[in-house]
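The sequence and the coordinates are shown first, and the description follows.

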Amino acid sequence: YNKIYLSNEFIENENNIETIIANKNDVGEVLEYVTKALSKVAPNNKDIEYNSDLNSQKQTIDQKFRDILNNIKESSLNDVDKSFLTSESEAVYNSVTSGETVFSPPKQLLLIPTFKTTIYKDDLAPVLLVYGKGDVGIKLKEIIQSLGKSVNFRLLEASYINIINDSELKYNLRDIKTVIIAADDVPIENKNWFGSSTYERKYSLTSKGLKKLLNAVMDEDRKNSDKSIKVVWYGSAIKPSKSLGSLIIGDESDIDSEFILLSQQRGLGYTSILAGNIISDDGVVPKNLKNRKLFDTTINQHRNSPIYFSPVKKIVESNEVTRVSAVCQSLLRASTFPNRNSTVIVLSTDSNEPINDLDWDDEFSKLDGPEIRRYPLLYTSIKQISLRVNRILSDFTTKGSELITPIELFSYSNGARVKFVPKLSNYLSSTEEKKNEKIVEDENLNIEKSKKVNRYISPEEEKRLEAQLKSNDQANEKSKPKSRKLEGGLEIIVDDIPYPRVRIRRFNVGPDTVIKEESENLIIKRIENAISSLENSNKLLTLK
């Protein structure tokens, strides 16, 4: 307790804490008061009256803090809120008495974009559907034809692209704004030695035909500078087993990966929807196939969602399934969704619950970033987890942090933003940038003042001052990154719509960004542990 200062104002205000707790309905307001009261005990704060009797002062502080805890314990708050206030008050008290910076609950909200999905938009039409003879291609064709003349769709059979000439293909693509490719063919049945069957997925569109199609799309795209064409692809999430031939002469071509590579090379925005084994909507899952488990270990579902929708690459087992309507809805909604250059895995689950428009909106929100983790909150309040997350992240900003890449933290009342700032990066924080600009401005101002005060300046002195001004301007320009590279970061969002949860997604990401996986994983692991700890302790208090 080196040089602890005690505020008389703190002692007087703290006496009223029982009344404060009793009168305030919002637990966040109570915590704000407690934080403010405890923060009055500030080491090395010269504005507060110094008391030389440190032992006496320590006893006074400890007693007042015990009074706070007793008043919380005896208040009419529920057990979960009491536990929350007690743990947060202890954290504030520990910071104060150890001389650390006191963490104040942030008040500014992190603005969260919302998305509405739909299967069709007039401003993204005409839409070209390239369809095959498989289940998905045929089902999509039926859905589009059922919409009637109110929509502007064109249909082109995938196998036809393999044989038509370029001029015919370009005619089909005239004025097109969106292309959906569902070129699956009738799967080939393969029977093994034991009599059971497996089905090998085939495409009506050959590798050569795909290249021809995307070349024609690129040519059409270059004609329209206002809006680029988006291409949506249906592919397989199941990695095919290698045949004997591929083992002898080399690996077979992967048309799903080829689509992404060709799209990137041609500068086309794309979304790739990858599914499991396709089954009908009302059919029973065959014995040799299975649904995805409802609760995944990395992207949790709060409700019994009938689909598993993941923008993060995950291993899909060869016997997992996707119902045909889930694939078709994903393809159509992806065609109108503003996100580009993403790959999504869509699987069906054991749930029989229907999926509505709001559910689809929430699933597609994962593409923004993309979202890499989602944790439902069953027993922990939004306020409680927001504060805990910000406390954890503030620890990572201190010297000696175990993070490989340093961070800049932006705290909000409903989450936080973590921006990665590599040590060798030319990145300057807004504070550093303003500081550099202020130094140069002050130097230039002094030079201008010297000109006015002295009035007469010799030619030599004038040249020297002008050279100094020029040098300052050049130094200022050098301090600013010419093209600031996006170094990546994480956005932690704590929201309660459509249900209480924590979402972690990437932000500050561009085509050249190197993902800081080790630092990301350290941060995510700490947040995961905090959520698990709070959920378990609050569950015990709730069920007690």
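## Strand pairing

Two strands are said to pair if DSSP finds at least two bridges between them. The model described here is predicted. In strand S16, the bridge partner of Tyr375 is Val502. S12 and strand S16 (residues 501-506) pair in the antiparallel sense, and five bridges join them.

Both strands belong to an open sheet of five strands, arranged in the order S12-S16-S15-S14-S13 with antiparallel pairing. At the edges of the sheet stand strand S12 (371-376) and strand S13 (407-412), each of which pairs on one side only. On average, neighbouring strands of this sheet are turned by 10° against each other, direction ignored.

In soluble globular proteins, nonpolar side chains tend to be buried together. The largest nonpolar core of this model has 32 residues, and the members touching the most other members are Val136, Leu140, Phe153, Ile180, Tyr234, Phe309 and Leu331. Helix H12 (residues 324-336) gives the most to this core, contributing seven residues. Apart from it lies another core, of 28 residues, including Ala158, Ile161, Ala183 and Leu268.

What does Tyr234 touch, not counting residues up to four places away in sequence? Its contacts include Val136, Ile181, Ala182, Tyr203, Ile273, Ala275, Ile278, Val327 and Leu331. Asp184, Arg201 and Asp256 are also among the residues that Tyr234 touches.

## Salt bridges

The structure holds 22 salt bridges. One of them joins Lys170 and Asp219, whose closest N and O atoms are 3.7 Å apart. Lys170 lies in helix H8 (residues 166-172) and Asp219 in helix H9 (residues 207-223), so this pair ties together parts that are 49 residues apart in sequence. Lys170 is partly exposed, with a relative accessible area of 43%. Asp219 is likewise partly exposed, its relative accessible area being 28%.

Buried or exposed: which word describes Arg505 and Glu491? Both residues are buried. They form a salt bridge in which the closest N and O atoms are 2.6 Å apart. The pair links distant parts of the chain, with Arg505 in strand S16 and Glu491 in strand S15 (residues 489-495), 14 residues apart. Elsewhere, salt bridges that share partners join Asp362, Glu371, Arg374, Asp495, Arg501 and Arg503 into one network.

A further salt bridge brings together the side chains of Glu363 and Lys366, at 2.8 Å from N to O. Glu363 and Lys366 are both buried.

How values were computed: Residues numbered from 1 in each chain as written. Predicted model: local features only at pLDDT ≥ 70, side-chain atom pairs only at ≥ 80, totals over all residues. Heavy atoms only, no water. Core = buried A, V, L, I, M, F, W, Y, C linked by side-chain atoms within 4.5 Å. Buried < 20%, exposed > 50% of the residue type's maximum accessible area, 1.4 Å probe, protein only. Helix = DSSP H or I, 4+ residues; strand = E, 2+ residues; numbered from the N terminus. Contact = heavy atoms within 4.5 Å. Axes fitted to C-alpha atoms, helices over the stretch in contact; angles between N-to-C directions. Salt bridge = Lys/Arg side-chain N within 4 Å of Asp/Glu carboxyl O.
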